[in-house]
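Student: I am new to this structure and would like to go through it with you. Could we look at it together?

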Amino acid sequence: MASAHNNIKHIGVLNLQGAVSEHITMLNSINNVQATLVKRPEQLTKLNGLIIPGGESTAISRLIKQNGLVEPIKQFAEQGKGILGTCAGLVLCGNSTTHNEVELLDLMDICVERNGFGRQINSFETTLDIPTIGQQIPAIFIRAPYIAKAGKNVAQLAFVQQRCIMAQQGNILVCAFHPELSKDNRIMRYFVDRC
């Protein structure tokens, strides 16, 4: 039975709105990972890590509140458990946005520019060299945000057009793009290894 192995990592994907199934598929491509859909606070207790996926940040923020997840997610982060925010998830992990139109989780000392690279029509793909993770990592940007300001404890990991699009602060990792939409699971493995 799989759960007999103590080295299995239990990673949850916040299942409220957005690119949920793609994250589950990618997590399932990594050895010793058990992926779980998360909608309720009690589901966080057995997890090593949590992914807040891309989608619509305003909608996800509202649903996090409605489902009573704001404080449980903050406590999860305070316990040192890993959190990965992708695209809208990056926005929600921040402590401010340039226009303050979304209620944020305040997990990371960053100010975020929502839709910083433009609308859906301005979506693009590129490859990134990320020192701690690898080279030529595919990155798909869809109505992507970027980090406009980062505090001194935030490690800025990658840039596009001189804008920070990936960062880490302790156990919180965020990226403005969609790692789950490519076949390359190095970013996801990097996250899982740190959970």
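Student: Which exposed residues are on the face of helix 1 turned away from its buried side?
Tutor: That face carries Thr25 and Asn28. Exposed means over 50% relative accessible area, buried under 20%, and partly exposed in between, with a 1.4 Å probe and protein chains only. Helices (H or I, at least four residues) and strands (E, at least two) are DSSP runs, numbered from the N terminus. This is a predicted model, in which local features need pLDDT of at least 70 and side-chain atom pairs count only at pLDDT 80 or more, while totals for chains, interfaces and linings use all residues. Residues are numbered from 1 along each chain as its sequence is written, and side-chain values use heavy atoms, with hydrogens and water left out.

Student: And which residues of helix 1 are buried?
Tutor: In helix 1, residues 20-28, the buried ones are Val20, His23, Ile24, Met26 and Leu27. They lie on the same side of helix 1 because they cover an arc of only 165° around the axis; the arc is that of the directions from the helix axis to the C-beta atoms.

Student: Why do residues three or four places apart point the same way?
Tutor: An α-helix has 3.6 residues a turn, so residues at that spacing point the same way.

Student: What do the buried residues of helix 1 pack against?
Tutor: They pack against strand 1 (9-14), strand 2 (33-38), strand 3 (49-52), strand 4 (82-86) and helix 5 (186-193). Contact here means heavy atoms within 4.5 Å.

Student: On to the largest nonpolar core. Which members touch the most others?
Tutor: Of its 66 residues, Ile73, Ile83, Ile165 and Met166 do. A nonpolar core is a set of buried Ala, Val, Leu, Ile, Met, Phe, Trp, Tyr and Cys residues joined through side-chain atoms within 4.5 Å.

Student: What is methionine 166 in contact with?
Tutor: Leaving aside neighbours within four places in sequence, its contacts include Ile130, Ile133, Leu157, Val174, Phe177 and Ile187.

Student: How many salt bridges are there?
Tutor: The count is 4, a salt bridge being a side-chain nitrogen of Lys or Arg within 4 Å of a carboxyl oxygen of Asp or Glu. One of them joins glutamate 103 and lysine 65, at 3.2 Å from N to O. That pair links distant parts of the chain, 38 residues apart: glutamate 103 is in the loop between strand 5 and strand 6, and lysine 65 is in helix 2 (residues 57-66).

Student: Is glutamate 103 buried or partly exposed?
Tutor: Glutamate 103 counts as partly exposed because its relative accessibility is 49%.

Student: What about aspartate 184, which residue does it pair with?
Tutor: Aspartate 184 forms a salt bridge with arginine 186, with the closest N and O atoms 2.7 Å apart. Aspartate 184 counts as buried, at 19% relative accessibility, whereas arginine 186 is partly exposed, at 23%.

Student: Where is leucine 104?
Tutor: Leucine 104 is in the loop between strand 5 (96-97) and strand 6 (110-113). Leucine 104 counts as buried because its relative accessibility is 16%. Beyond four places in sequence, leucine 104 touches Val91, Leu92, Gly94, Asn95, Ser96 and Thr97.

Student: Finally, which side chain does glutamate 113 make a polar contact with?
Tutor: Its partner is the side chain of threonine 98, at 3.1 Å. A polar contact is a pair of N or O atoms within 3.5 Å; within protein, one must be able to donate a hydrogen and the other to accept it, and residues adjacent in sequence count only if both atoms are side-chain atoms. Glutamate 113 lies in strand 6.
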